[in-house]
Amino acid sequence: MAYQTINPYTNELVKAYPNASDADLEKALATGHALYKQFRNEEPASRSAALHRVADEMRKDEDSLAATITTEMGKLIGEAKAEVELCANIADYFADHGAEFLQPTPLTTPAGKAYYAKQAVGIIMMVEPWNFPYYQIMRVFAPNFMVGNPMILKHAHNTPACAEAFEDVLRKADVPEGSLKNLFLDYDQVDKAIADPRVAGVALTGSERGGASVAKSAGEHLKKSTMELGGNDAFIILDDADWDLVKQVAPQARLGNAGQICSASKRFIVVGDKYDDFVDFMKTAFAKVQPGDPMDPSTTLAPLSSAKAKAHLQQQVDAAIAAGAKVEYGNTPIDSKGAFFQPTILTNIDRNNPVYNQELFGPVASIYHVATEEEAIELANDSSYGLGSVVFSKDAAHADKVAQQIEAGMTFINMSWTTAPELPFGGVKNSGYGRELYQLGLNAFVNEHLIMSALAKD
Ligand code: NAP
């Protein structure tokens, strides 16, 4: 895949980037491996200051870093700035807590004196998507830097400038060279890196298709991997929901980042007799967003990331309609060179509809009506995905009981889906495996090294 910046608002090519050579890859592996050996002999706490500097540099450069995202994948400039701030928070969080998370853990055994140390394992091959072009890198970078695992980054073909900008932040923060090396690799080179004995693990965020392919390569070479893949998250509105709260949250839970969020609410499931009211409310809310230049802070609908992404979403919506889905709102073209997709609401999606079990990666909401809570849970779980979910009920214990029955890695009660450095992120089923962020994310690639000695004889 050619690495290019194509502005999805103007559909113009901004810059093309040459692919990395095999020699570039070998150099990155050699530098990363030498750094791993150095990091192994240093205390994790010695890296905290550098990670705080990364946070500082990101905040200092927020405007230009955000503009690079918006130019490259179309995100609204306000959302792009929020992403930069989130990255700085993640860096600060792991700088503050990484060393403490990596403390040795004592073990109780009658057989001797034992503990396990948490040690670095080697280079991590990181494969990342375009939808949060810095945040996805930071979720892997900050914890693994504290652990002492150097990283090689293969970013998405359409966000090369963001990859370079991230590397530039690290350079300005004076992070040791080789801590993260961005390379414009092709798929074969990614496989080659995974096969290399100096690479100890693979972290991918992306689609099921990309994840399956890279996980296969990791399995073939016995490399540990984490997979953060797509979702088709349910937003369950129980019949005792606080409707004022639902209305505050529901539209943005779908429309944020122009609908291109793995853990966005995609399937709205209404229990009881307020279904028609909810559909009307969502139509009115979706009609309010205004397409325009994503650099303009007053714009409320961004283009999708590319003309290709728009064409793919249109194909899915067309197939849904052909199979009987009803368009309640939207699905009309927006007159622009940009990759805009009008917010769209679909209902009447039955189990045989192709989109019933597909991720729609754009501003398209599916709304379902069910009679009972049991049906809502069954529908939510009738998916090959299991990333996030949302439950609304005025009764916290009731919502909690429902939340525990959802097959998902994350459930949010009476609030939108969210992410923060201290909250583990990830899914089950075809949404992948492993967790990023919090201590669980930091543990993804550590050697839990048992060290045991015989009890001294009296
Ligand atoms: P994608 O096509 O799988 O691409 C993701 C990354 O994987 C890109 O860098 C891509 O490179 C690379 N890739 C794909 N196939 C590969 C292969 N065979 N070998 C090596 N690298 C390969 O995913 P996308 O469509 O860009 O991203 C959107 C998806 O990511 C959505 O499904 C979304 O839900 C998911 N996502 C999940 C999370 C989560 O935390 N669970 C977070 C964000 C996004 P190229 O760009 O060069 O093809």
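## A buried phenylalanine pair

Phenylalanine 166 counts as buried in this predicted model, with a relative accessibility of 1%. Phenylalanine 141 is buried too, at a relative accessible area of 0%. Both values fall under the 20% cut-off for burial.

These two residues, phenylalanine 141 and phenylalanine 166, form an edge-to-face aromatic pair, with 6.0 Å from centre to centre and 80° between the planes. Phenylalanine 141 belongs to helix 5 and phenylalanine 166 to helix 6 (residues 160-172), so the pair links distant parts of the chain, 25 residues apart.

The structure holds 16 aromatic pairs. One of them joins tryptophan 130 and phenylalanine 361 edge-to-face, at 5.7 Å centre to centre and with 70° between the planes. Tryptophan 130 sits in the loop between strand 5 (123-127) and helix 5 (135-147), while phenylalanine 361 sits in the loop between strand 13 (344-347) and strand 14 (364-370), so their pairing ties together parts that are 231 residues apart in sequence.

How accessible are the two partners, tryptophan 130 and phenylalanine 361? Tryptophan 130 is buried, with a relative accessible area of 16%, whereas phenylalanine 361 is partly exposed, at 22%.

## A cluster of rings

Ring pairs also link Phe235, Trp243, Phe268, Phe278 and Phe392 into a cluster.

## Charges over rings

Which ring has the charged end of arginine 47 over it? That ring belongs to phenylalanine 39, and the charged end sits 4.5 Å from its centre. Lysine 75, in turn, lies over the face of phenylalanine 132, 3.7 Å from the ring centre.

Key:
Residues numbered from 1 in each chain as written. Predicted model: local features only at pLDDT ≥ 70, side-chain atom pairs only at ≥ 80, totals over all residues. Heavy atoms only, no water. Phe/Tyr/Trp six-rings, centres within 6.5 Å; stacked < 30°, edge-to-face > 60°. Helix = DSSP H or I, 4+ residues; strand = E, 2+ residues; numbered from the N terminus. Buried < 20%, exposed > 50% of the residue type's maximum accessible area, 1.4 Å probe, protein only. Lys NZ or Arg CZ within 6 Å of the ring centre and 35° of its normal.
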